[in-house]
Amino acid sequence: MKGIIGSMNVNFSERYDEEDDIYYVSFETGEPSYAEEVDDILIIERGMYTNMPTGFRILNFHKHKVGGIRILVKKAKTAIDKMEAEAEDCLEKRTAQAEKTIEKYITDKIPA
């Protein structure tokens with residue numbers, strides 16, 4: 001399926017690779033990504049620049065029952081939520097540091 005809008009109002013695509021038995025979900029950010037293994041079944045893709053989730057993969061997809069897939073999707077959501085919270089916290093810290101640095105520069109370099 002292509003161009004589906006999920007409950008987060010984010011375009012995403014999904015595909016199943018039958019040969020390798022992998023289910024891929026991409027949030028279609030266009031950002032280059034790297035893979036981070038959550039466990040032996042779930043891999044989260046994170047953006048190279050933003051470190052935000054850009055998708056996920058479920059390995060051995062066909063071998064899991066429907067209930068197991070629902071659990072894996074919930075696990076993916078939990079992992080993604082955690083990553084987003086960590087990124088938000090990091091952004092707040094960086095913003096505060098930038099404000100302190102600019103304020104210090106103005107105080108030290110620009111006469112009153």
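Student: Why is Tyr-16 called partly exposed?

Tutor: In this predicted model, Tyr-16 has a relative accessible area of 35%, and since buried means under 20% and exposed over 50%, the value falls in between, so Tyr-16 counts as partly exposed.

Student: What makes Tyr-16 and Phe-61 a tilted pair?

Tutor: By the rule for rings, the count comes to 2 aromatic pairs. In the pair of Tyr-16 and Phe-61 the ring centres are 5.6 Å apart, and the planes stand at 50°.

Student: Why is the pair of Tyr-23 and Phe-61 called stacked?

Tutor: The ring centres of Tyr-23 and Phe-61 are 4.8 Å apart and their planes are at 20°; because planes under 30 degrees apart count as stacked, that is the name for this pair. Tyr-23 is in strand β3 and Phe-61 in the loop between β6 and α1, 38 residues apart, and the pair links these distant parts of the chain.

Student: How do you know whether Tyr-23 and Phe-61 are buried or partly exposed?

Tutor: Tyr-23 has a relative accessible area of 16%, and the limit for buried is under 20%, so Tyr-23 is buried. Phe-61 is at 21% relative accessibility, and therefore counts as partly exposed.

Student: Why does Asp-21 count as buried, and what is Asp-21 in contact with?

Tutor: The relative accessibility of Asp-21 is 10%, and buried means under 20%, so Asp-21 counts as buried. Asp-21 sits in the loop between β2 (11–17) and β3 (22–26). Leaving aside neighbours within four places in sequence, the contacts of Asp-21 include Tyr-16 and Phe-61, with Ile-58 and His-62 also among them.

Student: What makes Arg-15 a charge over the ring of Tyr-24?

Tutor: Arg-15 lies over the face of Tyr-24, at 4.2 Å from the ring centre, and the rule asks for a distance within 6 Å together with a position within 35 degrees of the ring normal.

Notes
Residues numbered from 1 in each chain as written. Predicted model: local features only at pLDDT ≥ 70, side-chain atom pairs only at ≥ 80, totals over all residues. Heavy atoms only, no water. Helix = DSSP H or I, 4+ residues; strand = E, 2+ residues; numbered from the N terminus. Buried < 20%, exposed > 50% of the residue type's maximum accessible area, 1.4 Å probe, protein only. Contact = heavy atoms within 4.5 Å. Phe/Tyr/Trp six-rings, centres within 6.5 Å; stacked < 30°, edge-to-face > 60°.
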